[in-house]
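Student: I'm new to this structure and I'd like to take a close look at one part of it. Could you walk me through it slowly and then show me what lies around it?

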Amino acid sequence: MSLREGEGEAEAPDHPAPPERGSDVSGGFGLGTLLRLVGGQQGSTARRRGQDGKPVLPRFAEAAREALADAGARHDLAESVGTARDRLAAATGEPSDWEELRTAGAAIRDRALLDLGTHLEAFERAVTDAGGTVHWARNASAARRIVASLAEDGGGEVAVADGPVLREVRLAGALAERGITVRDAAGPEGRDRVRAARVAVTGADFLVADSGTVVLLEADGAARACLTLPETLVCVAGMDRAVPSWADMEVLLQLLPRTAGGDRLSPQVSAWTGVVPGDGPSEVHVVLVDNGRTRILGDEVGREALRCIGCGACSAVCPVYERVGDRPYDPGGTGPSGPIGAVWTPLARGVDRARTASLPFASTLCGACAEVCPVKIDIPGLLVHLRGEVVDARRNRSVPTPELAVMRGLAWTMADARRFEAAVGRGSRWARLVARGGRIRRLPGLLGRWTEARDLAAPPAESFRSWWRRHEAARRRKG
Amino acid sequence: MRVALFVACVDDAMFPGTGRAVTSLLERLGHEVVFPAGQTCCGQLHWTTGYRREAAGLARRFTGVFAGAGTVVTPSASCAAAVRSSYRSMARAARDPELERDAAGLEVYELTEFLVDVLGVTDVGAAFPHRVAYQPTCHASRALGVGDRPTRLLRAVKGLELVELPAAGECCGFGGAFAVKNADVSVAMVADKVRHVRDTGADVLCALDNACLAHIGGALSRLRAGVRVAHLAEILASTGEDA
């Protein structure tokens, strides 16, 4: 069975390694101490089980290792990401005012998020006035329940035009489990399937608050078919996608097609408002999904992530995503992947589980994502913010993590220049002992992950500051 | 002019040749170099790994050591970026307006910015008869935006043949703690980088960050690729006599 959201994820807490005897950092911090401390920290890649015996979802690095081992999938992924990257570069390089559009997009999304509650209430009023119904779903299971109940009322058969929000709430699988017949609205046969079903379900890209309009961009027309043929239309939308007015769409409709598919325009842009008598569905429902979004909004740094318009450009340019694909970001296959997924999931779910806590570290902070984001989300900045949240959550453990001990020791050493110089001297002498021919080919413990594939240059006999003192003395004698 | 040299902690301990090169280059150009002895680490590693409390402590220390130092020059692009842009975030995370103000008062330049923008020179009188490829590291190109300053300086070096590195803008996979926390992905990335470097036929790969060079160089060394790495400062300091 598929895991239910939240409660099914039996993730073991990160067990810190037992404290090492004699790892005294008080006398300055040498490489030897560092190695002793990190020596026991290498995680097993074997599948762990939680206390209730359920398999624990793998942490990013472990899932990434599995993804990297699949040479065929890697090749295909590199090719598709490469194509997406080229299309993105061409499409975003074309408009002369692209940077201004991005700046405007960021401002529009920030303004919308500033009074999100107000806009959502306005949206609800406008939809209701237009003969539709708005439902509020606190989490994924509430969203599934609402849609299932509407589907059952409509005869137990639904056509679904798949989209990110629907995958996020695991809609199709959950409906099928309840005995509801789910038909895919995509493809040439999709029209007939939609015609046969009395209820259709779509996602949504934007919600225009003042008119109660739902906006959706697509390539294949599956959602467009859902707007006209069935009796009941159910739109499932992330509540973060509300914007105050139709004027805001001017910029967003330029940004999304170019970044989502590398297109100048989306092949199909649909916008619909409530019920129109005699034309299309006689019942229109909009399900507004929270599912962690309020939690993200409550994080004064992290809320910037809610600007996201779901284009996926950050994944297209990400050197990590390019090599590991979607799965390591969410082995359950529901959450967002790529750089935005690495910030969204821990923001929405918290960082107290090993898997969500590993996501902010799944990046080199190279900044390629921030460079292309159509709404200028500072993804590297958010990753660093979340790394801080992960570390802070671990500070209160009765036994400090080995990494915390190392980093504190380093900071203590760096707090005094003489202490630093002494530690460099000790570390260098030690490192030169293990070096052969000027390079170190093998290190123990966690640092062994470095020397698995990379040498380390042996440290020099003289540090810079030691040279500087001689240099300065020589200069004084001359001068 | 008088220049305060900031040498990254990693460069001080592991790559002292870079600081020596900056010193000799700036002295050759007629400037006075000083090295504030209290300096240690800018706090970048702690900040990017999530240890913001420790990072803020190191940032306060750094701003204290370099307060009133005037023009500060560093050969490390990522440390320059840390001081110029991350200190603001560090100060805000620590709710320390004093740190934000002190950081804003510093005048920190990455070496190529200082040469091209402040001194207005691109030909520094260097000679380096080798085929050289330049890796625009992520912090240099994205966080600092050094643009074509490094390549303008390289093109003016006597005897140097600058070769183009394919997919140069892609990260080498170092990323600080990423190189060990996500070692498999990191290695997959550096493997591609090394392939591109070898394709250029360069003798030397240069950049503005020794940590990235240690990563790429470590993989080149493991493969015995016959390509060495050097910080760009070391090329600019070279007069051909020792090369």
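Student: In what order do the four strands of the open sheet in chain A come, and is the pairing parallel, antiparallel or mixed?

Tutor: Happy to, and keep in mind from the start that this is a predicted model. The order is S8-S5-S6-S9 in chain A, and the pairing in this open sheet is mixed. At the edges stand S8 and strand S9 (268-273) of chain A; each has a single partner strand, so one side of each is left without a neighbour in the sheet.

Now look at the middle of that order. S5(A) and strand S6 (residues 213-218) of chain A run antiparallel to each other, paired over three bridges. To find the spot by eye, go to Val208(A), which sits opposite Thr213(A) in S6(A). As a bit of background, strands of a sheet pair through backbone hydrogen bonds, either parallel or antiparallel.

What packs around here? Follow S5(A) to helix H5 of chain A. The cover over the buried residues of H5(A) includes strand S5 (206-208) and strand S8 (242-243) of chain A, along with helix H4 (98-114), strand S1 (133-137), strand S10 (283-289) and helix H12 (293-297) of that chain. The buried residues themselves are Leu116(A), His119(A), Ala122(A), Phe123(A), Glu124(A), Ala126(A) and Val127(A). In general, an α-helix has 3.6 residues a turn, so residues three or four places apart point the same way. You can check the length of this helix too: H5(A) covers residues 116-129, and at 1.5 Å a residue its 14 residues should span 20 Å, which agrees with the 20 Å between its end C-alpha atoms. Just after H5(A) comes Gly131(A), with a positive phi of about 90°.

There's another set of strands in chain A to compare by eye. Strand S2 (residues 157-160) and strand S3 (residues 181-184) of chain A run parallel, joined by four bridges. S2(A) also pairs in the parallel sense with strand S4 (residues 199-202) of chain A, this time over three bridges. Val160(A) is a handy landmark: it faces Asp184(A) in S3(A), and it also stands opposite Val201(A) in S4(A).

From there, move to Cys226(A). Leaving aside residues up to four places away in sequence, Cys226(A) touches Ala159(A), Ala161(A), Ala185(A), Val194(A), Ala200(A), Thr202(A) and Leu233(A). Cys226(A) also belongs to the largest nonpolar core, which has 224 residues; Cys226(A) is listed there among those with the most contacts inside it, together with Val147(A), Val236(A), Ala237(A), Val287(A) and Ile216(B). The element that gives the most to this core is helix H5 (residues 77-93) of chain B, with nine residues. As a general point, nonpolar side chains tend to be buried together in soluble globular proteins.

Now zoom out to the whole of chain A. It has 22 helices and twelve strands, and 48% of its 479 residues count as buried. Among contacts in chain A with a separation of 6 or more, 76% are between residues 24 or more positions apart.

Where does chain A meet its partner? 52 residues of chain A are in contact with 56 residues of chain B. The elements of chain A that give two or more residues to that side include helix H2 (60-69), helix H18 (379-395) and helix H22 (464-478). H18(A) makes the largest share, six residues. By type, that side of chain A divides into 32 nonpolar, eight polar and twelve charged residues.

Let's finish in chain B, with a run of strands you can trace. Strand S5 (residues 131-134) and strand S7 (residues 204-207) of chain B pair in the parallel sense over three bridges, with Val132(B) opposite Val204(B) in S7(B). S7(B) also pairs with S8(B), again parallel, over four bridges, and there Leu205(B) has Val229(B) as its bridge partner. The chain gets from S7(B) to S8(B) through H12(B), a β-α-β crossover that is right-handed. Arg224(B) counts as exposed because it has 8 C-beta neighbours inside 10 Å.

Key:
Residues numbered from 1 in each chain as written. Chains lettered and ligands numbered in written order. Predicted model: local features only at pLDDT ≥ 70, side-chain atom pairs only at ≥ 80, totals over all residues. Buried ≥ 20, exposed ≤ 12 C-beta atoms within 10 Å, placed from the backbone. Contact = placed C-beta atoms within 7 Å. Nonpolar A, V, L, I, M, F, W, Y, C, P; charged D, E, K, R; others polar. Expected span 1.5 Å × (residues − 1). Pairing = 2+ DSSP bridges. Right-handed = clockwise from strand over helix to strand, strands pointing away. Core = buried A, V, L, I, M, F, W, Y, C linked by C-beta atoms within 7 Å.
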